[in-house]
Amino acid sequence: MTEGMVVNNAQDVPFSYILAELLESNLEQKPHKLRTFNKIYGVVAIDLKDIEAIVTLIFSGGRVRIEQGIIGKPDIIIKTDSDKVIGLNSITIKFGLPYYFDEAGMTVIRQILSGELKIEGMLLHPVILTRLTKIMSVM
Amino acid sequence: MGVRALTQEWMDAYKAAIQADPEYKDIAKNWEGSVALVVLPDPAKGIPETVYLFQDYWHGDVGEFVVCDKDKAESAKFVMTGEYARWKQIARKELDATKALLQGKLKMKGDLPYVVRNIKTVNKVIDILGAFETIWPDEV
């Protein structure tokens, strides 16, 4: 069902496989997320400094390409450590929006406030960030 | 006196440590399914052949914990594979398991969203892995 929707060109970055598998499995297990996935147009980079892994996700409405490094000028850049990036997938979606008032959400807020998690472009591109959170959430 | 790693005695000790943990039952109440740990051979470190370990977890309870063959390991709901040195580092808390997975030092077969949803259970079980005295084959 998700064949060809997620193209991983960052094969030298093991993290990219996890990202691709998570996205594919999520879309297969929760087909309603496809509607959101089909609406995402934008570029998101994820920079995991502790493991020196950087990938860029290029969304083009129903398709995403994962590339190694930072490609072009991403709309959003997520900078954090590998143990914290998994927490972003645990954000609950309520009424179609990310919910930040439970344990997982509050943890992410705390990490943003403390600088452990940086999301550049979150104020300029809230729609992309919201849609990204929705499709990546495993909850 | 510890137990020699990757033996049935060690699996028994691991199971007992999980059962004795006061927090485990509550943290793992939603987890269902078996996990296999596959330790790749490293003859120089006393691991001449691949070691397969099968563990059964069910809603906070623990079932079968055995050293097994390849077929049984591959029948597990989740199969995690890594080099001996990596498993040892994880058990000793020198390497974070999530980091190892994201770095490709551990490979996992199974439902990844399920694992992420239950990451606290995974972290707890891995935390307990380092909680009892172990004799590692390359240190004998």
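## Where the chains meet

The contact draws 19 residues from chain A and 13 residues from chain B. This is a predicted model. On the side of chain A that touches chain B, two helices, α1 (14-29) and α3 (82-88), each supply at least two residues. The most comes from α1(A), with eight residues. Sorted by class, this side of chain A has 10 nonpolar, six polar and three charged residues.

## The sheet of chain B

Now look at chain B. Five of its strands form an open sheet, in the order β4-β3-β2-β5-β6. The pairing is mixed. Two strands stand at the edges: β4 (61-68) and β6 (106-109) of chain B. Each has a single partner strand, so one side of each is left without a neighbour in the sheet. On average, neighbouring strands are turned by 15 degrees against each other, direction ignored.

Strands of a sheet pair through backbone hydrogen bonds, either parallel or antiparallel. Strand β5 (residues 78-83) of chain B pairs with β6(B) in the antiparallel sense, over four bridges. Find B:Met80: its bridge partner in β6(B) is B:Met108.

## Helices on the sheet

Helix α1 (residues 8-20) of chain B packs on the sheet and touches β3 (51-58) and β4 of chain B. Its direction makes about 165 degrees with that of β4(B). Helix α4 (residues 84-91) of chain B also packs on the sheet. There, α4(B) touches β2 (32-40), β5 and β6 of chain B, and its direction makes about 105 degrees with that of β5(B).

## A closer look at α1(B)

Helix α1(B) has 13 residues. From first C-alpha to last, α1(B) reaches 18 Å, close to the 18 Å expected at 1.5 Å a residue. Which residues of α1(B) are buried? They are B:Met11, B:Tyr14 and B:Ile18. These residues cover an arc of only 60 degrees around the axis, which puts them on the same side of α1(B). An α-helix has 3.6 residues a turn, so residues three or four places apart point the same way. The cover over the buried residues of α1(B) includes α2 (24-27), β3, β4 and α7 (119-129) of chain B.

## Two positive phi angles in chain A

Most residues other than glycine have a negative phi. A:Glu52 is not a glycine, yet its phi is positive, about 50 degrees. A:Glu52 sits in the loop between β2 (41-48) and β3 (53-60) of chain A. A:Glu52 is exposed, with 10 other C-beta atoms within 10 Å.

A:Phe95 also has a positive phi, near 50 degrees. Its loop runs between β6 (92-94) and β7 (97-99) of chain A. A:Phe95 is exposed, with 5 other C-beta atoms within 10 Å.

Terms used. Residues are numbered from 1 along each chain as its sequence is written. Chains are lettered from A and ligands numbered from 1 in the order in which they are written. This is a predicted model: local features need pLDDT of at least 70, side-chain atom pairs count only at pLDDT 80 or more; totals for chains, interfaces and linings use all residues. Two residues are in contact if their C-beta atoms, placed from the backbone, lie within 7 Å. Ala, Val, Leu, Ile, Met, Phe, Trp, Tyr, Cys and Pro count as nonpolar, Asp, Glu, Lys and Arg as charged, and the others, Gly among them, as polar. Two strands pair if DSSP finds at least two bridges between them. Axes are lines fitted to C-alpha atoms, for helices over the stretch in contact, and angles run from 0 to 180 degrees between N-to-C directions. The expected span of a helix is 1.5 Å times one less than its number of residues. A residue is buried if 20 or more other C-beta atoms lie within 10 Å of its own, exposed if 12 or fewer, and partly exposed in between; C-beta atoms are placed from the backbone. The arc is that of the directions from the helix axis to the C-beta atoms.
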